[in-house]
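Here is a short briefing for a first look. Start with the sequence and the structure, then read the points below.

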Amino acid sequence: MDSAREVSDGRLTVEGFSVASRAFADKWKIHNQSFPPWSWVPLINRTLLVSKKQEEGYLSLEKIIILSSLEEEIPEDESLNVATDCLEKEETVDHTILVPTMENEAHYYDFHIVYSASYKVPVLYFRGYCSGGEPLALDVIKKDVPSCSVSLLLESKWTFITQEEHPYLNRPWFKLHPCGTEDWIKLLSQSSSSSGCQMPIVLYLVSWFSVVGQVVGLRIPLEMLN
Amino acid sequence: MAKEAVKYVWEGAIPLQIHLHKSDVASHPAPPPALVLAPRIGYLPLLIPLIKPYFKDSLPPGEDSIWFDYKGFPLKWYIPTGVLFDLLCAEPERPWNLTIHFRGYPSNILIPCEGEDSVKWNFVNSLKEAQYIINGNCKNVMNMSQSDQEDLWTSVMNGDLDAYTRLSPKLKMGTVEDEFSRKTSLSSPQSQQVVPETEVAGQVKTARIPVRLYVRSLNKDFENLEDVPVIDTWDDISYLNSPVEFLREEGKCFTLRDAINSLLPEFMGDRAQTSGEERSIDDTEEADGSREMGEIKLVRIQGIEMKLEVPFSWVVNNLMNPEFYLHISVLVKAPQR
């Protein structure tokens with residue numbers, strides 16, 4: 001149905017989202033190995049509704065562990081203090097420090113990239129919780145996120161966070177508001193012509209995430225944008 | 001004629017009998033239930049000022065965090081009351097018996113509610129989303145003055161259709177032509193309608209209609225609706241917040257059936273209409289012939305059991321909620337797997 005390789009108005013069709021998601025997940029796997037990969041969750045598994053012609057779904061990245069900031073440690077770059085299985089930090093970190101203690105709890109984060117049929121753009125949903133499963137409040141989450149992200153949140157008119165129900169999971173999640181997405185996607189488009197600002201579909205989510213991810217402290221390596 | 005229907009929608013109400021949950025009862029004897037008439041287009045938290053006086057002397061000390069349940073099933077406060085009723089009571093229960101809680105908010109299931117402000121925020125947000133779907137942008141809502149936005153919300157809260165009718169033109173939502181009357185509604189001062197049509201190619205025009213579809217799936221057929229079991233988890237309801245692409249073709253009427261078909265193609269019975277090659281190639285169950293189609297048992301909008309042949313334009317122009325969303329409750333029998 002939709003064989004276009006590019007979008008010119010900053011918005012995606014549901015098929016485009018599916019294509020863009022695969023491309024994003026593939027690039028992430030190659031270039032961002034300090035993180036676990038994103039997985040595609042087909043809607044067919046999630047709801048009673050059988051999905052239509054194309055496979056509809058969302059991207060999921062779960063159980064990212066963030067240790068509540070240790071006072072002494074100043075992160076080298078502004079990314080999250082992510083503890084993963086294959087830790088590749090440059091500073092010499094004694095592994096025993098990374099074991100959660102009573103004072104420094106492990107916080108877990110889940111991120112879902114969901115397609116909004118209304119706005120025709122992707123939307124980021126996220127939540128944080130403790131090892132016991134208790135959800136984290138937004139002000140606690142903000143402490144886990146580097147300070148430059150927090151100011152992005154507060155000062156930018158493009159990014160504000162609300163607590164809403166996850167569209168498929170019947171639970172409260174935090175959502176980064178989609179209003180204005182197509183406008184700044186157009187700004188990120190690499191070329192423009194009389195027909196609009198061209199954004200290749202395979203790069204859509206990568207470009208989108210390069211902005212949105214920063215709000216929640218997730219950076220992507222520049223190589224992903226090629 | 002259109003005005004009559006909208007008036008009925010605004011005046012629609014559901015008698016509620018609200019019981020205080022036993023764990024919140026700190027008085028003896030326990031207070032009797034409160035009887036309240038709830039507007040269909042309203043929301044449960046807005047009723048709290050009416051309900052609380054009945055129970056305030058019975059409450060234990062502490063701060064309130066109010067929520068409602070229906071037979072133990074926590075109710076999502078941001079869904080209009082009429083929709084909750086149509087969806088959860090297969091056989092309408094009058095009065096509808098609900099339980100109110102003042103403590104123990106299930107915040108792992110329900111998003112928080114800070115009273116009227118939360119409900120208003122949810123309303124305005126839905127209005128923006130609906131406008132985005134209809135007009136392609138939400139600048140009219142965003143540009144509305146603070147006092148106009150307040151007044152619009154107040155008119156909804158108070159069920160004041162006259163005030164709402166005065167204010168809603170400021171939203172400049174597009175309009176959709178009634179297919180049965182063949183009259184353009186743009187010039188009519190009585191129009192309270194919807195969507196701009198975008199000309200595509202030839203005779204086909206499309207418009208996007210904001211729809212929220214709530215599907216309850218049952219495993220078997222029921223002779224009587226009152227035999228339908230009470231729901232126990234929101235996971236048994238599929239919620240679809242997806243616009244309907246309203247196709248206008250010369251000589252064809254786009255019906256409610258067509259609209260629902262576009263959102264739930266697996267449930268429409270008339271397989272002859274779907275071309276063989278459109279079936280998904282990995283639909284192996286179909287190849288085996290072992291899979292039966294699901295079946296739509298009931299479609300309710302604003303409490304009305306709808307005939308699917310009704311022109312969708314009529315439904316859109318008359319049965320929308322004030323935030324310009326059409327809420328459709330559907331009871332289906334699941335396809336056998």
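**How the two chains meet**

In this predicted model, 24 residues of chain A are in contact with 39 residues of chain B; contact means heavy atoms within 4.5 Å. Residues are numbered from 1 along each chain as its sequence is written, chains are lettered from A and ligands numbered from 1 in the order in which they are written. Local features need pLDDT of at least 70, side-chain atom pairs count only at pLDDT 80 or more, and totals for chains, interfaces and linings use all residues, while side-chain values use heavy atoms, with hydrogens and water left out.

**Interface of chain A and chain B**

- The size of an interface is often given as the accessible area lost when the parts come together.
- Here the buried area is about 2,600 Å²; that is the accessible area (1.4 Å probe) that two parts lose on being put together, summed over both.
- Carbon and sulfur atoms give 55% of this area.
- Ten residue pairs are in polar contact between the chains, both residues at pLDDT 80 or more. A polar contact is a pair of N or O atoms within 3.5 Å; within protein, one must be able to donate a hydrogen and the other to accept it, and residues adjacent in sequence count only if both atoms are side-chain atoms.
- One salt bridge is found across the interface (a side-chain nitrogen of Lys or Arg within 4 Å of a carboxyl oxygen of Asp or Glu).
- B:Lys76 forms a salt bridge with A:Glu165, with the closest N and O atoms 2.4 Å apart.
- Strand S7 (residues 161–165) of chain A gives the largest share of the side of chain A that touches chain B, four residues. Strands (E, at least two residues) are DSSP runs, numbered from the N terminus.

**A:His112 in chain A**

- A:His112 lies in strand S5 (residues 106–116) of chain A.
- A:His112 counts as buried because its relative accessibility is 0%; buried means under 20% relative accessible area (1.4 Å probe, protein chains only).
- The side chains of A:His112 and A:Glu62 make a polar contact at 2.7 Å.

**Strand S5 of chain B**

- Strand S5 (residues 96–101) of chain B is mostly covered, with five of its six residues buried.
- Strand S1 (residues 13–20) of chain B runs parallel to S5(B), joined by five bridges. Two strands pair if DSSP finds at least two bridges between them.
- B:Leu20 stands opposite B:Ile100 in S5(B).
- Strand S3 (residues 67–70) of chain B runs antiparallel to S5(B), joined by three bridges.
- B:Asp69 has B:Thr99 in S5(B) as its bridge partner.

Methods: Buried means under 20% relative accessible area, exposed over 50%, partly exposed in between (1.4 Å probe, protein chains only).
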